[in-house]
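Thanks, everyone, for making time this morning.

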Amino acid sequence: MSIAQEVAKNLLQINAVKLSPQNPFTWASGIKSPIYCDNRITLSYPSVRDFIIQAFVEKAQKFEPFDIVAGVATAGIPHGALIADRMKKPFIYIREKAKSHGRQNQIEGIIHEGAKVLVIEDLISTGGSSIKAVEAAREAGCEVVGVLAIFSYGFEKAERMSVITSASEQFLYTYLNNASPTGFEASGQKLWLEYIRPFIDEWHLDNYGTAYAVINPGKPYRVVIEGHADEISWFVNYITDDGFINVIRNGGSDQVIAPSKRVNIHTKKGIVKGVFGWPAIHVRTGKDANLMPEIANIFIDIGAKNKEEVANMGVHRQAASRTTGTDTDAFAYSNGGVVSALISLPLRYMHTTVEMAHKEDIENVIRLMYETLQKIEAHHNFKYF
Ligand SMILES: O=P(O)(O)OC[C@H]1O[C@H](OP(=O)(O)OP(=O)(O)O)[C@H](O)[C@@H]1O
């Protein structure tokens, strides 16, 4: 008889398997089931208990080396403690969530960062309880070497445990709901760093606006996983006399999908709500019959009656940064990012023999360069945070 068959036989003999087809049991996950296997009953039968603990220990040995046995509250606690005792290992247990009183712990017992932990459950149905325990151990800086249970119902959901944990899903939503427009990614980068910190050895920022983390620093062979921290957005480009806001792209924003979108305008005074307005279908006649959204004809309405009211709400033009097509780009991208700004001169007929600029504009550009340089102090930190 295999260990699995022996365990099943024992569970049936001690009446741990309960059937109630008329009045189904509710499992921890909320699933209604005609079967309930109460593994706690095994603890009341020394010979069954001993058999199960021995089987656990044999499986646990395959996960060596590990430092700590962790029981999942509550039914995983006694089994975990017995296994730890037999293997002469430290024991901890992990609650479903942190206590609201006392020391407010989710993990009870002594753990240390970098510890290798084997998690013990009594049973796995959806895997929800085990995953929460694994996440808690990971958040505490431990490495989970495996999860063992007396049995699993073999549900696909638990067999194929998602790589997306509730903590990573929560992070994703927090990250997505945080505004992180191109050039202003610091708050998003901070959220990412906060989430990733338990998994990394060190982190850095460069002058180019990159935040990066390193695992196993100093090793000769390196692999980079790269991702964008920025969100596409729009910048306020021009405010009309009657209080409408024209925009310019910040990143690859698509004007075709802009109309009818709700908008948050981030200002020094806080968020100003607005909408991308669009003329109604029945008034789009004549030359406007096939009107398509273009950068020049999309606009944000914040309910202001004129330019002054828009300004009073804290909405102002924002200069947009982009690839310049000049050698400024080469400076900006060199040596891990060099802080660069291109100051352009307004002119007409560029690259023709009649290229012309206004003397006043030339003077103002010189002044702008001078004032800008005056503002840069020695060792000025240009990093995002
Ligand atoms: O894989 P899952 O869908 O999470 O289900 C398994 C969990 O359900 C039971 O816990 P329950 O909360 O019923 O009891 P307990 O508090 O005694 O551990 C069982 O002990 C597991 O912990």
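Phenylalanine 276 stands opposite isoleucine 300 in E18, and strand E17 (residues 270-277) pairs with strand E18 (residues 299-301) in the antiparallel sense over three bridges; pairing requires at least two bridges found by DSSP, and strands are DSSP runs of E with at least two residues, helices runs of H or I with at least four, numbered from the N terminus. Please keep in mind that this is a predicted model, in which local features need pLDDT of at least 70 and side-chain atom pairs count only at pLDDT 80 or more, whereas totals for chains, interfaces and linings use all residues. Residues are numbered from 1 along each chain as its sequence is written, and side-chain values use heavy atoms, with hydrogens and water left out.

These two strands belong to an open, antiparallel sheet of five, in the order E14-E15-E18-E17-E16. Strands E14 (233-239) and E16 (262-267) are at the edges with a single partner strand each, so one side of each has no neighbour in the sheet.

Polar side-chain atoms lie 2.6 Å from a ligand oxygen in the case of aspartate 122 and 2.3 Å in the case of threonine 126, while for serine 129 a side-chain N or O atom is 2.5 Å from an oxygen atom of the ligand.

How values were computed. A polar contact is a pair of N or O atoms within 3.5 Å; within protein, one must be able to donate a hydrogen and the other to accept it, and residues adjacent in sequence count only if both atoms are side-chain atoms.
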